[in-house]
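Good morning, and thank you for coming. Please look at the structure on the screen while I describe two of its regions.

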Amino acid sequence: MTPSNPPADSAPESPARGTLRGAPSRHARRWKERGILSLLNSAALFSVFITLAILWVLGAETSNFFAQDEVSVGEFFGTAQWNPLLGAEKHFGIWSLVCGTFLVAGVALLVAVPLGLVTAIYLSEYAHPRVRAILKPSLEVLAGIPTVVYGFFALTLITPALKTFSEGFGSFNALAAGIAVGILILPIITSLSEDALRAVPQSLRDGAFGLGATRFDTSFKVVFPAALSGITSAVLLAAARAIGETMIVALAAGSTPKVTMDVRDEIQTMTGFMVQMALGDVSNYGVEYYSMYAVAAMLFVLTLAFTLVGSWIRKRYREVYD
Amino acid sequence: METTLVQESKPPKEKAKPVSALGMIAVDAAERRTPADEFADPSFEVQQLDFFYGDNQALTQVDMAIPRGEVTALIGPSGCGKSTFLRTLNRMNDLVAETRVEGKVLLDGQDIYHRQVDVVELRRRVGMVFQRPNPFPISIYENIAYGPRLQGKVSKADMDALVERCLHGAALWDEVKDRLHTSALGLSGGQQQRLCIARALANEPEVLLLDEPASALDPKATARIEDLIGQLRGDYTIVIVTHNMQQAARVSDHTGFFYKGRLVECTPTAQMFTRPEHQETEDYLTGRFG
């Protein structure tokens, strides 16, 4: 700095330019950074902690269940009669609940997969941007409807409608619940599949069109297969959601655990059973109380398996485009 | 069937005027403008072509004839409209929203923008290879079989023969004959691009449009593509867009220079590179802009 510098350029009282020595606030700033970092860290760790805590409770209570005199691991996994409350003899065979769960989830997927994939292809490959701008958010509104509303919908609208087709439908039945769950998971399948379809590079579409493919050829024979891993993982994620869905099945599917493939029947799902237990006046710390945890653990393992397989498929079969 | 682009499977909606397909689209010889007359039997004749992206005019009054069985290069600075022009030749621009075409593009004397033209048939006859190799994420064999299968059923033996012929045609057979059923994405960039050329050949096109086919490739792979273009010359009418003037000089018989959406000049390549007619062309070729 020379005296010839114009005063406007450097006020005389300002510190020397070019120094890296910090202002007095530097220390405070560093501590603030550290504080923020540890706050963020603990927020992230909190969710991990919660997950571990849930797992621990599930595991502990499940082992309490199997420690009871009335139950055995062999009966739980080896039989299909679930009758924890009534009768002289209680039965704890998980498979009737698993069957009911898969029956409802199966119906849900049969409804949601074709409809969801066709919608996704339409939105991604056919729809005008303005149409998509309206359709996609309105589809996502479906995801915001409380599931209890879907349950009522199944009970008071779908079931009566089904009864007009066949007298065989009970007031509670697997089909009505399955259809409602299907509508519930429709946005999941549509939205995730559409993302997967749109991630397919435009160059592949150009290549197909350039060979004389129609829009249909391009969408179904090039874009869809290229997005298949993402679509599969979307379906598995939706399946996990369907298996875990509670309110709809508690309201509309009934509470009679049985092994059946007849969708007109009243059934009970794993989640439905847990609601029944948690709301009913079962004695705390009885065998039926602990059975709730065993069922929850089973449900957890099943949905976890679907999620893991889904993400494995997505990673394993993802096509890498540069 | 081979010579008309008009869909024959579906009759036209208005049955009032069942004029023969050729009669309806053939353009009166008197209407034809001069550039076409340079070549006795041009593959494409483009007449007063204007092209718009929304309100943006990308091409202005382009008149050009593309000689049959020869290689025509399109050069010019970025954004000059050369790629847009290429994509009007097989109507790939139809896929871009809010575009508009005015003027005529005649393929063998038929206006490809006539409303009765079957775009699928047009694109089969006018194959295209893109800037970046874009093989489908399926096997090498299936990539080539894709186009023919769109046209209809082909027997296994015929398809095997066709795949081999196309791979030979694209100078790729020796490199991939032992792994025809492995994923095309496992090939190198240059191999992928030659596969894309083989895939286009499988449709038995008359014209091949190449949109900067070597710009994403290394020099060695580029040389192979250029050799291949030389081999295909004669059997196919080839139109290649390139930003590489040396490439244009090496591979093409004719060169068109585009600038600001206009075709400044289109002359035999040797002439353009030695005696350009326009000052703009000379400035571009000598690197004064571009």
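A nonpolar surface patch of about 700 Å² is formed by A:Leu45, A:Val48, A:Leu52, A:Leu55, A:Phe300, A:Val301, A:Leu304 and A:Leu308. Areas come from the Shrake-Rupley method with a 1.4 Å probe. Helices α1 (26-67) and α12 (287-316) of chain A each supply at least two of the patch residues; A:Leu308 lies in α12. Helices (H or I, at least four residues) and strands (E, at least two) are DSSP runs, numbered from the N terminus.

This is a predicted model, in which local features need pLDDT of at least 70 and side-chain atom pairs count only at pLDDT 80 or more, while totals for chains, interfaces and linings use all residues. Residues are numbered from 1 along each chain, chains are lettered from A and ligands numbered from 1 as written, and side-chain values use heavy atoms, without hydrogens or water.

Now to chain B. Is strand β7 (residues 207-211) of chain B enclosed or open? Five of its five residues are buried (under 20% relative accessible area; exposed is over 50%, partly exposed in between), so β7(B) is largely enclosed by the rest of the structure. In a regular strand, side chains alternate between the two faces of the sheet. Here B:Val207, B:Leu209 and B:Asp211 are buried on one side, B:Leu208 and B:Leu210 on the other.

β7(B) pairs (at least two DSSP bridges) in the parallel sense with β8 (residues 237-241) of chain B over five bridges.

Terms used. Buried < 20%, exposed > 50% of the residue type's maximum accessible area, 1.4 Å probe, protein only. Patch = residues over 30% accessible without salt bridge, like charges linked within 9 Å, V, L, I, M, F, W, Y side chains within 5 Å. Salt bridge = Lys/Arg side-chain N within 4 Å of Asp/Glu carboxyl O.
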